[in-house]
Amino acid sequence: MLANNIGLTPVHFFSHGSTMMLGEESESADYWKKCGDEALERNIKGIVIMVPHIPHTPDTDNTANTYQGAHWDCMGDKIELSTNPNPNKSPVAYVHPDKYQNYKLNPDLETTHRCVQMLVQEGFNVSGNDTFDWIHDVYLILIRMFPGGCPPTTLVSANARYDPHFHMKIGSTLRQLRRENYLIIGTGGAVHNLYRNRWAPMMRFRDNFAMDTPPEDWAMEFRQAVEDVITKTSGVQLRRAMTRLMKHPRFRDAHATDDHFMAAMFVAGAAGDEEDENTPAILGAESWELTNMCNSQFTFGRWPKEIAV
């Protein structure tokens with residue numbers, strides 16, 4: 001029997017893939033657009049999204065220092081939410097600027113400050129950050145979901161300790177926003193090991209979907225494990241199973257670093273409450289890139305049949 005959580009919005013775990021997923025058509029891109037259309041039909045208030053990497057300038061406070069470069073996560077026990085009122089977009093390779101330069105971002109500062117307070121009340125060391133710009137893991141998804149305009153959006157950072165239970169608690173804390181018609185998204189990757197991708201077709205021919213050989217067994221095995229956990233468990237069992245994936249014998253092959261899997265923990269927190277028991281989850285689409293990168297797109301829950309007018 002399905003859970004009676006008709007008042008909750010769905011939750012998405014999206015694998016954003018390479019930058020070329022912004023410029024090239026794919027089954028995943030079609031699914032992102034479908035999910036965006038469904039959200040707009042229900043007049044969502046906004047998006048709350050956890051991201052694996054954002055360019056950032058190092059903090060002057062050594063107790064809350066940050067990584068500099070393409071990947072950014074807060075050090076110590078800190079997390080941050082974007083409070084930049086006019087963020088720029090970090091340039092991306094292998095995508096024509098026309099695909100993203102003119103897309104206007106829409107940071108939701110009111111909801112962001114509210115989320116900060118919600119997290120503070122749960123004991124998190126959290127603050128706003130008004131200096132960093134948005135990177136492809138955010139605006140790639142938003143452009144594909146909402147090509148007509150960006151909804152109000154709140155960005156949540158990860159933490160560099162990569163504790164799965166910590167990130168799950170972030171999702172659990174913000175879960176109540178699902179009752180208020182906010183859409184919660186985690187953007188990362190199901191199988192995302194850049195060291196084991198085959199880059200030559202992209203670099204030589206601008207073909208990110210070329211596949212001279214099938215994906216290697218470690219990628220196929222972990223990809224299947226992720227699908228099994230998400231589609232065959234629910235409620236608190238989902239949370240337990242998701243964290244156990246980081247102990248899977250193929251996890252380190254599939255994820256050379258933990259950052260792109262923290263969004264899955266965030267999503268499990270937002271969609272893995274006792275109230276979510278027996279809530280269906282689906283694999284909505286999937287795109288393999290660079291031979292060994294699996295971009296699986298998952299949705300937890302479903303919209304009520306009534307469409308807002």
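**Disulfides.** I looked for disulfides, meaning pairs of cysteine sulfur atoms within 2.5 Å. By this rule I counted 0. This is a predicted model, in which local features need pLDDT of at least 70, side-chain atom pairs count only at pLDDT 80 or more, and totals for chains, interfaces and linings use all residues. Residues are numbered from 1 along each chain as its sequence is written, and side-chain values use heavy atoms, with hydrogens and water left out.

Buried means under 20% relative accessible area, exposed means over 50%, and partly exposed lies in between (1.4 Å probe, protein chains only). Cys35 counts as buried because its relative accessibility is 1%. Cys294 is buried too, because its value is 0%.

**Whole chain.** I noted 9 helices and 8 strands in the protein chain. Helices (H or I, at least four residues) and strands (E, at least two) are DSSP runs, numbered from the N terminus. Of the 309 residues, 59% are buried. Next I looked at contacts, meaning heavy atoms within 4.5 Å. Among contacts with a separation of 6 or more, 81% join residues 24 or more positions apart.

**Cores.** Which residues touch the most other members of the largest nonpolar core? I found Ile170, Leu174, Met242, Phe261 and Phe300, in a core of 52 residues. Such a core is a set of buried Ala, Val, Leu, Ile, Met, Phe, Trp, Tyr and Cys residues joined through side-chain atoms within 4.5 Å. Helix α9 (residues 262-271) gives the most to this core, with 9 residues. A second, separate core has 32 residues, including Ala29, Leu140, Cys150 and Leu155.

I followed Ile170 further. Leaving out residues up to four places away in sequence, Ile170 touches Met50, Ile79, Leu119, Phe124, Val156 and Phe266.

**Helices α4 and α7.** Helix α4 (residues 164-174) packs against helix α7 (residues 235-244) at about 145 degrees, with the axes 10 Å apart. Axes are lines fitted to C-alpha atoms, for helices over the stretch in contact, and angles run from 0 to 180 degrees between N-to-C directions. From α4, the contact uses Pro164, His165, Met168 and Ser172; from α7, it uses Arg239, Met242 and Thr243.

I also listed the buried residues of α7: Gly235, Leu238, Arg239, Ala241, Met242 and Thr243. Their cover includes α4, α6 (217-232), α9 and β8 (293-300).

**Ile49.** I found Ile49 in strand β2 (residues 46-50). Buried or exposed? Ile49 is buried, because its relative accessible area is 0%. Apart from residues up to four places away in sequence, Ile49 touches Thr153, Thr154, Leu155, Val156, Ile185 and Thr187. Phe13 is 36 residues from Ile49 along the chain, and their C-alpha atoms are 9.8 Å apart.

**Thr83.** This residue sits in the loop between β3 (78-82) and α2 (109-121). Thr83 is buried, because its relative accessible area is 12%. Its contacts, without residues up to four places away in sequence, are Leu109, Thr112, His113, Gly128, Asn129 and Asp130.

**Positive phi.** Most residues other than glycine have a negative phi. Leu290 has a positive phi of about 50 degrees, and Thr291 has one of about 70 degrees. Leu290 lies in the loop between β7 (281-289) and β8. Thr291 is found in the loop between β7 and β8 as well. Leu290 counts as buried because its relative accessibility is 1%. Thr291 is buried because its relative accessible area is 3%.
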